[in-house]
Amino acid sequence: MRRTGTTRRGALTATGALALGAVLTGCGGDDEGAGGKQPARAATAKAEKALREKAVRDGALLLARYNLVAEAHPATAAGLVPLRAAVAEHGKALAPPRAKGEPKGDKAPPAPAGPVSADPKAAVRELAAAERRRADAHTEALLTAGPELARLLASVAAAAAAHAYLLTELAEETAV
């Protein structure tokens with residue numbers, strides 16, 4: 001005879017269904033009445049904006065450094081053009097979204113610290129080191145970034161690491 005009543009399988013199924021229902025109820029709904037969620041969301045947005053602004057500033061400094069190296073050593077300019085263009089695109093992609101009515105912030109890029117080396121190989125190696133620092137900084141920022149920004153930072157970090165490699169190779173090919 002088959003046993004009627006509550007079985008272990010039935011109890012587990014019912015418990016799982018109740019738990020799933022509780023989770024789904026907690027995931028949906030309006031955050032307006034959820035007291036503590038709005039300040040946390042605002043803090044996260046503020047932190048993400050700060051990460052983006054720092055990444056854009058660092059990229060602008062690197063872009064200015066590319067310009068200085070290309071001006072000081074015209075023989076390296078052809079090899080730097082595609083990398084410089086990629087750095088400029090990364091800056092556009094990382095820029096924080098503007099709020100409605102917020103003025104467009106097209107400021108002149110800051111001047112990089114220090115002069116460019118007189119030796120073209122050394123100047124290109126310095127660019128490679130700057131790209132490595134940029135890759136490391138973006139990789140470290142992944143720990144605090146939200147999912148969407150983390151994916152973008154990971155892509156930019158990978159590109160910066162590739163740039164460092166390519167610049168190291170360019171430095172070896174550059175005549176003194």
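**Labels and their cut-offs**

Student: Why does Glu89 count as partly exposed?

Tutor: Glu89 has 46% relative accessibility. Buried means under 20% relative accessible area, exposed over 50%, and partly exposed in between (1.4 Å probe, protein chains only). The value 46% falls in between, so Glu89 is partly exposed. Before we go on: this is a predicted model, where local features need pLDDT of at least 70, side-chain atom pairs count only at pLDDT 80 or more, and totals for chains, interfaces and linings use all residues. Residues are numbered from 1 along each chain as its sequence is written, and side-chain values use heavy atoms, with hydrogens and water left out.

Student: What makes Lys92 and Glu89 a salt bridge?

Tutor: Their side chains meet at 3.4 Å, N to O. The rule asks for a side-chain nitrogen of Lys or Arg within 4 Å of a carboxyl oxygen of Asp or Glu. The pair passes, so the name holds. Lys92 is exposed, at 59%. By this rule the model has six salt bridges.

Student: Where do Lys92 and Glu89 lie?

Tutor: Both are in helix α3 (residues 74-94), three residues apart, about one turn of the helix. Helices here are DSSP runs (H or I, at least four residues), numbered from the N terminus; strands are E runs of at least two.

Student: Is Arg52 buried or exposed?

Tutor: Arg52 has 8% relative accessibility, so it counts as buried. Arg52 forms a salt bridge with Glu48 at 3.5 Å, N to O. At 26%, Glu48 is partly exposed.

Student: Which residues touch the most other members of the largest nonpolar core?

Tutor: Leu62, Tyr66, Leu80, Leu127 and Leu167, out of 15 residues. α2, α3, α4 and α5 (147-173) each give two or more residues to this core. α4 gives the most, with five. A nonpolar core is a set of buried Ala, Val, Leu, Ile, Met, Phe, Trp, Tyr and Cys residues joined through side-chain atoms within 4.5 Å.

Student: What does Leu62 touch?

Tutor: Val87, Leu127, Ala130, Glu131 and Arg134, not counting residues up to four places away in sequence. Contact means heavy atoms within 4.5 Å. A second, separate core has nine residues, including Leu51 and Leu153.

Student: Why is Thr76 called buried?

Tutor: Its relative accessible area is 1%, so Thr76 is buried by the cut-off already given. Thr76 sits in helix α3. Its contacts include Val69, Pro120 and Leu170. A polar atom of its side chain lies 2.7 Å from the backbone oxygen of His73.

Student: Why does Thr144 count as exposed?

Tutor: Thr144 has 59% relative accessibility, so it is exposed. Thr144 lies in the loop between α4 and α5. Thr44 is 100 residues away along the chain, yet the two C-alpha atoms are separated by 9.4 Å.

Technical notes. Polar contact = N/O pair within 3.5 Å; in protein donor to acceptor, adjacent residues only side chain to side chain.
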